[in-house]
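Please read them alongside the sequence and the coordinates.

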Amino acid sequence: MKRIGRRRLLIGALAGTAAVLVGAALTALGGGPGMGARPRGEAPSAGPTFLRLGEVGTLEAREGVMPMGRWGYVAGGAVNPVLVARRGDAVDLTFRNMLGAPSIVHWHGLEVDWRHDGHPSYQVASGGTYRYSFTVRNRGGTYWYHPHPMPGTAEQAYMGLAGFLIVEDADTDVLRDSGFELGVNDVALAIQDVRLSGGAAPYSPTMMDIMMGMHGWAFLVNGVQSPQIALRAGTNRLRLLNASNARVYRASVVGPDNRQLPMKLIAVDGGLLERPIEVREVLLGPGERAEVVVELGMGAYTLRATTWDPAPPRGGPMGRGPMGMPHVALTGRTVDLATIVVGERGEAVDVPAELSAVPETAPPSSGRRLSFFPAGHGRWSIGGMTWNYRDYLYRHMSASRDVEVWTLHNPSPIPHPMHIHGYQFRVLRRVGTPEMGWGLAVDGAGRLATDLGLKDTVLVMPGETVEILVDLDNGLRGQQVYLFHCHNLEHEDHGMMVNLYVED
Ligand code: C2O
Ligand code: CU
Ligand code: CU
């Protein structure tokens, strides 16, 4: 196994329940050394690890390999390594499930044959293995991998199973060659919220959590609470992932003067934008990614977010909101996720004005309208349907003929981050955007800056209607069964997922 990078630029001991060492590019979600229980056998080693996806060999899901008894994927002696692939790479790897329950790995955002996509039809029992083989066909960008059993996705992701999957291509090479180096001034940061109690973060949602999605009160970046991230002065590229089960963040970098820094948004879910867009915040629903470039001087900065807590339901029958559900006020709250410490000189990087040509999507041939409703017993429906292995929301969609506009309507008081497997789509329009998204629209169609590239996940905010354009031709032929689901993982586990059946 070849390690393609391993760096620790600055080590700072943090005070707290567990003194942890946090590396500069704490890029592996697993974190640094001395951080909790070791599994028997192969011991995860210190520091972030980048591994070539094509050379991983075996990826193992294990319990208790992270601090607080949390779980992780182990490969090449690292926990939740950052997997790096090149467009065109052939991948052949074995997943081994060492958890106590069924599991399977999903490559979020990749366009692969459904048999290698982590569909729960292929989940394997405890102790079982699954052999993946596929070709990486996506554009360069920041993707990720996480569990996808049914049920159990919510618990397993919450417990820590998740990692980045970075794809490189000719366009991302140009950007890298302008001066970004993975693990140095190009870092991947996954944001997650958990509930801590007694030094552990067990998963035990209440009925209310199942309806709202599990919202934690402790914030982890790459598995560590309030880490210090060491970067160099100059230009830095941050790859942000919202790896939370349910929480929505408006993330920004705040300077010593407490002001949000101007950032250049350069990439979203499906890779680079055409050109950088100036932003000060990015809205990230669960599953979404954004790459931003910031200029930092010497000193300390904060990775900060405004986030939404579902407020306790207002009592009494009059407190019932739409659909007879508890009235949920989504209250803005500011949280500091990580400290960015800049104590070393670095370089300025000129980000190219033209980043990439985002492929055009053919004009639509048909349209569908889909609404999201509660379906009783904490379940949610998509277009009137709840999860069932045997049913398909749409049958006989044609890869070679169909380009569809889907109108996603959310009449509920809860945000739904909607995700499609097997495709990257375009966002056409937003109508009825609530306060959560105010001030972020950048065009007359109500779109946010983060809507302007290829997307695999789109946040449909309370009361909002979002139109997306999906070309069902992802280049793969034969019968495909892809999933369309809410990435609020409690919703996903409780019915808010459907099969799409696509054929030639
Ligand atoms: Cu990231 Cu089907 O999920
Ligand atoms: Cu996915
Ligand atoms: Cu949802």
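1. Apart from neighbours within four places in sequence, alanine 348 is in contact with Gly234 and Thr235; two residues are in contact if their C-beta atoms, placed from the backbone, lie within 7 Å. Alanine 348 sits in the loop between strand 25 (330-344) and strand 26 (366-376). Helices (H or I, at least four residues) and strands (E, at least two) are DSSP runs, numbered from the N terminus. The C-alpha atoms of alanine 348 and asparagine 236 are separated by 8.5 Å, although the two residues are 112 residues apart along the chain. Alanine 348 is exposed, with 9 other C-beta atoms within 10 Å. A residue is buried if 20 or more other C-beta atoms lie within 10 Å of its own, exposed if 12 or fewer, and partly exposed in between, with C-beta atoms placed from the backbone.

2. This is a predicted model, in which local features need pLDDT of at least 70 and side-chain atom pairs count only at pLDDT 80 or more, while totals for chains, interfaces and linings use all residues. Residues are numbered from 1 along each chain as its sequence is written, and chains are lettered from A and ligands numbered from 1 in the order in which they are written.

3. On the whole protein: the secondary structure comes to four helices and 35 strands. Of the 504 residues, 53% are buried. Among contacts between residues at least 6 apart in sequence, 78% join residues at least 24 apart.

4. Thr235 also has a place in the strand pairing: threonine 235 stands opposite glutamate 295 in strand 23. Strand 18 (residues 234-242) and strand 23 pair in the antiparallel sense over eight bridges; two strands pair if DSSP finds at least two bridges between them. Strand 20 (residues 263-268) also runs antiparallel to strand 23, joined to it by four bridges, and lysine 264 has valine 293 as its bridge partner there. Six of the eight residues of strand 23 (residues 289-296) are buried, so this strand is largely enclosed by the rest of the structure.

5. The largest nonpolar core has 135 residues, of which Leu165, Ile191 and Leu240 touch the most other members. Such a core is a set of buried Ala, Val, Leu, Ile, Met, Phe, Trp, Tyr and Cys residues joined through C-beta atoms within 7 Å. Beyond four places in sequence, the contacts of isoleucine 191 include Phe219, Leu240, Tyr249 and Leu337.

6. Which residues of helix 2 are buried? In helix 2 (residues 170-177) they are Asp171, Thr172 and Leu175. Seen down the axis, these buried residues fall within an arc of 95°, so they line one face of the helix; the arc is that of the directions from the helix axis to the C-beta atoms. The face turned away from the buried side carries the exposed residues Ala170, Asp173 and Asp177. The cover over the buried residues includes strand 13 (163-168) and strand 21 (271-279). Just after helix 2, glycine 179 has a positive phi of about 135°.

7. One open sheet has five strands in the order 7-6-5-9-11, with mixed pairing. Its edge strands are strand 7 (78-79) and strand 11 (129-135), each pairing on one side only. Strand 6 (residues 72-75) pairs with strand 7 in the antiparallel sense over two bridges, and alanine 75 has alanine 78 as its bridge partner in strand 7.
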